[in-house]
Amino acid sequence: MSLSDFQAYLNRFALARQLKRQHHFYVGPTNSGKTYQALETLRKAESGVYLAPLRLLAMEVRDRLMQAGVACNLVTGEERVMVPGARHTASTIEMLRPDMAFDVAVIDEIQMLMDPDRGSAWTAALVGVPARQVFICGANSVTESCTRVLDALNEPYTLTHLQRMTPLVIEDASICGERYHAAKLRKVLQAGDAIIAFSRKDVLTLAARIRQWGFQVATIYGALSPEVRRGESARFASGEAQILVATDAIGMGLNLPIRRVIFANIHKFDGVAPRMLNATEMRQIAGRAGRHGLYDTGYVTVLEDDEQWHLNEMLGCDDTVAPFALPIAISGGDIEDLSQRIPTWRLAECVEYLHTKYQRQSGTQTMQWQITSLQHQQALLIDETAPQLSMRDKYRLMCAPLAIQVPIARDYFVQCIQAIYHQQPRALPMLPEWLKGKQAQYLEQAELICQHLSLYSWLGYQYPKIFTDSELVDEARKTLNGFISRALKVQAGYGKTQRETELAQQR
């Protein structure tokens with residue numbers, strides 16, 4: 001990034017540059033109390049903002065502040081819950097307001113700077129949140145990369161390294177020994193166990209199987225709405241469900257009474273290919289075991305012997321990473337300026353140009369553009385669907401929350417783009433009759449409709465004259481969430497897990 005590009009980026013955050021910001025890093029593993037301490041300062045402040053990695057966490061912190069008698073707004077891409085007179089806000093990090101000053105800001109899960117799709121939102125918060133006291137919480141892995149940027153800004157900071165409040169012990173042996181066998185897992189499962197898998201199919205298959213063994217099971221994975229995840233978390237926390245089966249969605253902020261974490265797999269699909277979990281990921285997940293105040297010790301293990309070495313290595317090594325250039329997002333203004341310079345009115349061409357420029361940049365810089373393959377796919381779809389839209393509108397739509405790899409989600413997005421292009425009001429999706437029951441075979445369809453509602457709600461804030469049914473979203477979401485919660489409790493298995501399929505092929 002050139003000096004002029006760097007300065008242009010900083011100019012987006014004029015208010016933050018005017019304040020004499022003081023930064024406080026609270027870094028350490030899970031169960032170390034780092035976020036708790038920052039939130040206590042936020043609670044006592046005259047005004048403040050909490051910047052969350054997930055809508056679920058923004059909702060939880062907002063509830064926590066309200067219960068403590070602190071009026072607090074909730075602001076996410078999908079909703080605005082504004083409380084008269086509130087001077088505190090809990091927000092998803094992408095909803096950062098660089099033009100509104102606060103006394104205290106809390107940036108949670110700072111290690112998300114390394115996320116290939118969303119990392120730029122944490123850079124924007126670090127550089128641009130307009131608060132006099134900024135608390136930065138998370139793993140220690142990215143601290144040096146952050147402090148390099150703050151040094152360049154001449155903004156002071158303090159570092160507080162925290163330790164776990166309960167020990168985390170790797171069990172001496174894997175659950176199943178040399179080869180996975182369901183009967184062995186069944187014998188050793190205990191209340192308070194959390195089994196971690198890395199696909200929706202594996203989570204649902206394992207949950208159904210464990211339920212057949214006589215356990216009550218709570219289920220958490222990324223496709224579930226925050227409301228359903230909260231409900232499933234509550235079932236596990238209350239003891240209604242003895243076993244939790246989840247993806248790495250539990251690795252960010254969820255306070256669950258987990259005694260032992262069992263990794264069903266040590267590989268996850270990163271959007272391109274399966275890869276082994278890195279140290280930060282394994283620590284975030286494993287660290288959920290042994291909740292302070294409930295258990296004296298947390299335990300972690302794997303299913304098979306040949307995965308034990310990776311668990312030992314990842315939890316035993318230093319998870320700090322070499323300083324890297326923090327990712328920054330392009331803005332609508334950047335796209336408009338570039339389209340006039342190239343010149344082109346195709347959003348995808350602008351994204352490709354910036355991606356090429358990004359690839360050439362040196363990793364020794366403090367910041368560099370973040371252009372993702374998903375952005376490029378979304379840009380191509382927008383250009384193809386509505387070539388004559390303004391570049392400002394195209395950029396806005398490129399930022400829409402979308403699972404573009406899912407054909408039904410992509411088709412619905414196309415319909416929404418066409419409504420914007422033709423300026424035709426679009427009604428909320430109709431809810432099917434089967435939502436009145438609890439048929440598990442409709443679970444995935446219900447999750448997809450929830451995604452449609454999320455997109456509709458987001459677009460309603462961008463184009464209120466087109467997406468005119470936004471006030472109906474909450475009621476529709478309640479109906480869907482109720483169905484999903486019922487279906488999860490009776491959902492049937494999906495055949496074999498990925499691991500079992502691989503073992504069958506080996507045989």
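**Helix H16 and its surroundings**

Me: How many residues does helix H16 have, and what span is expected for them at 1.5 Å a residue?

Reply: Helix H16, residues 407–422, has 16 residues and reaches 23 Å from its first C-alpha to its last. Helices here are DSSP runs of H or I with at least four residues, numbered from the N terminus, and the expected span is 1.5 Å times one less than the number of residues. The reach of H16 is close to that expected span, which is 22 Å.

Me: Before we go on, what kind of model is this?

Reply: Residues are numbered from 1 along each chain as its sequence is written, and side-chain values use heavy atoms, with hydrogens and water left out. Local features need pLDDT of at least 70, side-chain atom pairs count only at pLDDT 80 or more, and totals for chains, interfaces and linings use all residues, since the model is predicted.

Me: Which helices do the buried residues of H16 pack against?

Reply: Buried means under 20% relative accessible area, exposed means over 50%, and partly exposed lies in between, with a 1.4 Å probe and protein chains only. In H16 the buried residues are Ala409, Tyr412, Phe413, Val414, Cys416, Ile417, Ala419 and Ile420. They pack, by contact (heavy atoms within 4.5 Å), against helix H14 (373–385), helix H15 (391–398) and helix H17 (443–462).

Me: How are H14 and H16 placed to each other, and what is the class make-up of their contact?

Reply: The axes, lines fitted to C-alpha atoms over the stretch in contact, with angles from 0 to 180 degrees between N-to-C directions, come within 10 Å for H14 and H16 and cross at roughly 45°. The two helices are therefore oblique to each other, because angles under 35 degrees count as roughly parallel, over 145 as roughly antiparallel, 65 to 115 as roughly perpendicular and the rest as oblique. Gln378, Leu381, Ile382 and Thr385 in H14 meet Arg410, Phe413, Val414, Ile417, Gln418 and Tyr421 in H16. By class (Ala, Val, Leu, Ile, Met, Phe, Trp, Tyr, Cys and Pro are nonpolar, Asp, Glu, Lys and Arg charged, and the others, Gly among them, polar), this contact of H14 with H16 has six nonpolar, three polar and one charged residues.

**Single residues**

Me: Which residue follows H16, and what is its phi near?

Reply: The residue that follows H16 is Gln423. Its phi is positive, near 55°.

Me: Is Asn31 buried or exposed?

Reply: Asn31 has a phi near 60°, a positive value in a residue other than glycine, and its place is in the loop between strand E1 (22–27) and H3. With a relative accessible area of 19%, Asn31 is buried.

Me: And is Asn154 buried or exposed?

Reply: Asn154 also has a phi near 60°, positive in a residue other than glycine, and lies in the loop between helix H6 (143–153) and strand E8 (157–161). Its relative accessible area is 71%, so Asn154 is exposed.

Me: With which residues is Thr41 in contact, leaving aside its neighbours within four places in sequence?

Reply: Thr41 is found in helix H3, residues 34–44, and is partly exposed, with a relative accessible area of 29%. Leaving aside those neighbours within four places, Thr41 is in contact with Val104 and Phe135.
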